[in-house]
Amino acid sequence: MASGLLRSLGVLSRNCAGSVQEGAVRAFATGAAPSKKDVLYNLSNPDPDAEASVKAYLTSLYKGAKLEPTTADDSLELTSKIEKKYKAAAIVEYGLQTISVPLGYSKSDLAPVKRYAAELRSLAKQAGFEDPATEVSKRLGATAATADSVKELLSKNQSLMSADLYAALSEAVQQVENATNATLTLDGASPAYKQFAAKVEAIAKAHGIPAKLLVDVKKGAADEATSDALAKEYARWQQHAAVKDAIAELEALKAEATAVLDKHLGKTAEQVRSEQAAVLAAAIKKAEAAKGAPWAAAFLEDVKKVQWFDACVAENPAVGPKVTA
């Protein structure tokens with residue numbers, strides 16, 4: 001009896017979920033203003049109309065907004081997290097469209113790059129992200145509380161550092177462990193950890209990281225003058241690091257754009273036409289499989305118009321299509 005009851009509840013819950021989602025889809029289809037619940041039910045809905053409506057809803061709701069602490073109770077914790085993430089995503093998506101990417105910057109004039117980096121930091125702040133150094137510090141603190149060794153700490157924070165830096169630190173850990181024939185723990189007072197710390201200073205210097213400055217800022221200063229001097233030096237280093245990262249990002253974008261152009265410029269016109277025809281055929285097949293969805297019907301109608309235009313041009317290339325009233 002109990003198993004039958006559970007099965008009945010399972011069927012009931014699935015039916016209810018389906019009816020609610022169908023109602024949300026109908027709300028989008030009829031043009032009615034969707035509620036927050038409609039949006040949540042359609043977050044994973046692959047239907048293009050639902051996706052477009054969710055995007056439009058979030059953009060209109062959070063355009064130019066700033067994140068504020070949620071007032072949701074514990075029972076709505078998951079909903080609150082989803083809402084906060086999509087709110088941040090909407091702010092970032094809209095904000096990125098207003099930031100000019102200085103792909104044509106000159107190394108003799110880094111002002112456009114500095115502006116670009118500053119605008120990205122400002123956008124991140126609007127979306128609720130903390131200063132990168134603060135986020136890294138919190139992440140390190142959280143993982144250090146649960147890590148049993150330096151190697152485990154590095155492994156948990158690998159995403160926070162470059163491949164070269166991670167490899168150098170991992171090698172330093174291995175050297176100390178081989179020399180001591182023991183696992184390198186997070187005991188800062190141990191001789192093994194002091195050996196590792198000395199190696200870290202050398203690695204940081206090789207990678208342009210001001211280890212002493214970071215340690216001094218973390219400790220703080222006793223007098224106001226020293227504190228101000230540290231703050232100014234730290235701010236200068238942060239800007240330098242941000243510009244360096246921005247330049248690396250811009251160079252990667254330029255390299256990717258160059259590769260795409262070279263790839264297409266290296267093809268014949270017939271190859272390009274063949275690839276475009278294959279992409280169009282795949283899109284038509286997908287639209288036909290959608291079985292009358294509004295977006296599919298509109299797309300297929302546009303395809304007919306383009307095909308008519310191409311046929312007219314092919315029939316008389318010198319004159320082209322004739323438009324009749």
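In this predicted model, helices α12 and α13 form a left-handed crossing. Their axes come within 9 Å and cross at roughly 140°. On the α12 side, the contact is made by Leu280, Ala283, Ile284, Lys286, Ala287 and Glu288. Trp295, Ala296, Phe299, Leu300, Val303 and Gln307 come from α13. By class, the residues of this contact divide into 9 nonpolar, 1 polar and 2 charged.

Helix α13 covers residues 294-315, with 22 residues in the run. The helix reaches 32 Å from its first C-alpha to its last. This is close to the 32 Å expected at 1.5 Å a residue. Ala296, Val303 and Cys312 of α13 are buried. The buried residues of α13 pack against α12, which spans residues 269-289. Ala296 and Val303 are also among the α13 residues in the contact with α12.

In α10, the residues involved are Leu213, Leu214, Asp216 and Val217. They meet Leu230, Glu233, Tyr234 and Trp237 in α11. The residues of this contact comprise 6 nonpolar, no polar and 2 charged.

The pair α8 (residues 163-180) and α9 (residues 191-206) has axes that come within 10 Å and cross at roughly 150°. Angles over 145 degrees count as roughly antiparallel. α8 and α9 are therefore roughly antiparallel to each other. α8 passes α9 in a right-handed crossing. From α8, the contact draws on Leu165, Ala168, Leu169, Ala172, Val173, Gln175, Val176 and Thr180. From α9, it draws on Ala192, Gln195, Phe196, Lys199, Val200 and Ile203. Here the residues divide into 10 nonpolar, 3 polar and 1 charged.

Asn157 sits in the loop between α7 (150-156) and α8. Its relative accessibility is 1%, so Asn157 counts as buried. Leaving aside residues up to four places away in sequence, Asn157 touches Arg139, Leu140 and Thr143. Asn181 lies in the loop between α8 and α9. At 73% relative accessibility, Asn181 counts as exposed, because the cut-off for exposed is over 50%. Phi of Asn181 is near 55°. This is a positive value in a residue other than glycine.

The overall fold can now be set out. The protein has 13 helices and 0 strands. Read along the sequence, the pattern is α-α-α-α-α-α-α-α-α-α-α-α-α. Of the 325 residues in the protein, buried residues make up 20%. Among contacts with a separation of 6 or more, residues 24 or more positions apart account for 45%.

Conventions. Residues are numbered from 1 along each chain as its sequence is written. This is a predicted model: local features need pLDDT of at least 70, side-chain atom pairs count only at pLDDT 80 or more; totals for chains, interfaces and linings use all residues. Side-chain values use heavy atoms; hydrogens and water are left out. Helices (H or I, at least four residues) and strands (E, at least two) are DSSP runs, numbered from the N terminus. The expected span of a helix is 1.5 Å times one less than its number of residues. Buried means under 20% relative accessible area, exposed over 50%, partly exposed in between (1.4 Å probe, protein chains only). Contact means heavy atoms within 4.5 Å. Axes are lines fitted to C-alpha atoms, for helices over the stretch in contact, and angles run from 0 to 180 degrees between N-to-C directions. Angles under 35 degrees count as roughly parallel, over 145 as roughly antiparallel, 65 to 115 as roughly perpendicular and the rest as oblique. A crossing is left-handed if the near helix is turned anticlockwise from the far one by less than a right angle, and right-handed if clockwise. Ala, Val, Leu, Ile, Met, Phe, Trp, Tyr, Cys and Pro count as nonpolar, Asp, Glu, Lys and Arg as charged, and the others, Gly among them, as polar.
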